[in-house]
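Subject: Structure handover

Hi,

Here is the structure for your files. My notes on what turned up follow below it.

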Amino acid sequence: MEGGGGIPLETVTEESQSRHVLPASFEANSLQKSNWGFLLTGLVGGTLVAVYAVATPFITPALRKVCLPFVPATTKQIENVVKMLQCRRGSLVDIGSGDGRIVIAAAKEGFTAVGYELNPWLVWYSRYRAWREGVHGSAKFYISDLWKVTFSQYSNVVVFGVPQMMLQLEKKLELELDDDARVIACRFPFPHWTPDHVTGEGIDTVWAYDASTFRGREKRPTSMHFQPPIQAS
């Protein structure tokens, strides 16, 4: 059958349909671009999630009032800390233990050593290092905020602090430690205490403070009870 212009109707219909049919290659390209878009979106999203998961434990301490950043101890600093522990006994705690270097070194010297660290990634890594070094039985690590821990059970305290926290930590330790305890500060000294021993230079300087000294008391046997001085009437 033909139309009014002498053009067969079948030809008009085929031409009309051909204008609305997209080439197969164009559809394939569009589908491929769409798949690449989904893949790229997934990769970017996954990367952001991974970065957030890894970075959050590092960023969170910085948002606190007092920040204790992770700066690995140098070999010389570790040697100086161990020197300050000579002839010492009892348990040891590292406040803000980082990657566990001090705790592991103390454990190798025969101490029962504990590290408290807010960053879980560093705690897990420290536990792995202790296992690898063969001291996981005497070197323990816990995820905790140092201000929520009581240190009265420790005879030796090591801290790599920052100036902003030293005064507050000084007051906390003075209240909690026994008279026979020793506090070892690295990088920064305590503001009011007078050190009993100092070793090292520059960033490797280590200060040792005996609790009996910063309380203004003479050392005494642990079996004796402290008697306050009698004031003259």
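A crossover is right-handed if, with the strands pointing away from the viewer, the path from the first strand over the helix to the second runs clockwise. Helices (H or I, at least four residues) and strands (E, at least two) are DSSP runs, numbered from the N terminus. By that rule β4, helix α6 (residues 163-176) and β5 form a right-handed β-α-β unit.

Some ground rules. This is a predicted model, where local features need pLDDT of at least 70, side-chain atom pairs count only at pLDDT 80 or more, and totals for chains, interfaces and linings use all residues. Residues are numbered from 1 along each chain as its sequence is written, and side-chain values use heavy atoms, with hydrogens and water left out.

The sheet

The sheet is open and has 7 strands, in the order β3-β2-β1-β4-β5-β7-β6, with mixed pairing. Two strands pair if DSSP finds at least two bridges between them. β3 (139-143) and β6 (197-199) stand at the edges, each with a single partner strand, so one side of each has no neighbour in the sheet. From one strand to the next, the twist averages 15°. Axes here are lines fitted to C-alpha atoms, for helices over the stretch in contact, and angles run from 0 to 180 degrees between N-to-C directions.

Now β4 and its partners. Strand β1 (residues 92-95) pairs with β4 in the parallel sense over 4 bridges. Val157 in β4 is the bridge partner of Val93. β4 also runs parallel to strand β5 (residues 182-186), joined by 5 bridges. There, Asn156 has Arg182 in β5 as its bridge partner. β5 in turn pairs with strand β7 (residues 206-210), antiparallel, over 5 bridges. Ala185 stands opposite Trp207 in β7.

How covered is β4 (residues 156-160)? Mostly: 5 of its 5 residues are buried. Buried means under 20% relative accessible area, exposed over 50%, partly exposed in between (1.4 Å probe, protein chains only). In a regular strand the side chains alternate between the two faces of the sheet. Asn156, Val158 and Phe160 lie on one side of β4, Val157 and Val159 on the other, and all are buried.

Met166

Met166 lies in helix α6. Its relative accessible area is 1%, so Met166 is buried. What does Met166 touch, not counting residues up to four places away in sequence? Gly161, Ala185, Phe188, Pro189, Phe190 and Pro191. Contact means heavy atoms within 4.5 Å. Phe190 is 24 residues from Met166 along the chain, yet their C-alpha atoms are separated by 5.6 Å.

The helices

Helix α5 (residues 120-133) lies across β2 (113-117) and β3, running at about 165° to β3.

Helix α3 (residues 75-84) and helix α4 (residues 101-108) have axes that come within 10 Å and cross at roughly 45°. α3 and α4 are therefore oblique to each other. On this scale, angles under 35 degrees count as roughly parallel, over 145 as roughly antiparallel, 65 to 115 as roughly perpendicular and the rest as oblique. Ile78, Val81 and Val82 in α3 meet Arg101, Ile102 and Ala105 in α4.

α4 is mostly covered, with 6 of its 8 residues buried. These are Ile102, Val103, Ile104, Ala105, Ala106 and Ala107. They pack against α3, β1, β2, α5, β3 and β4. Gly110 follows α4, with a positive phi near 100°.

Best regards
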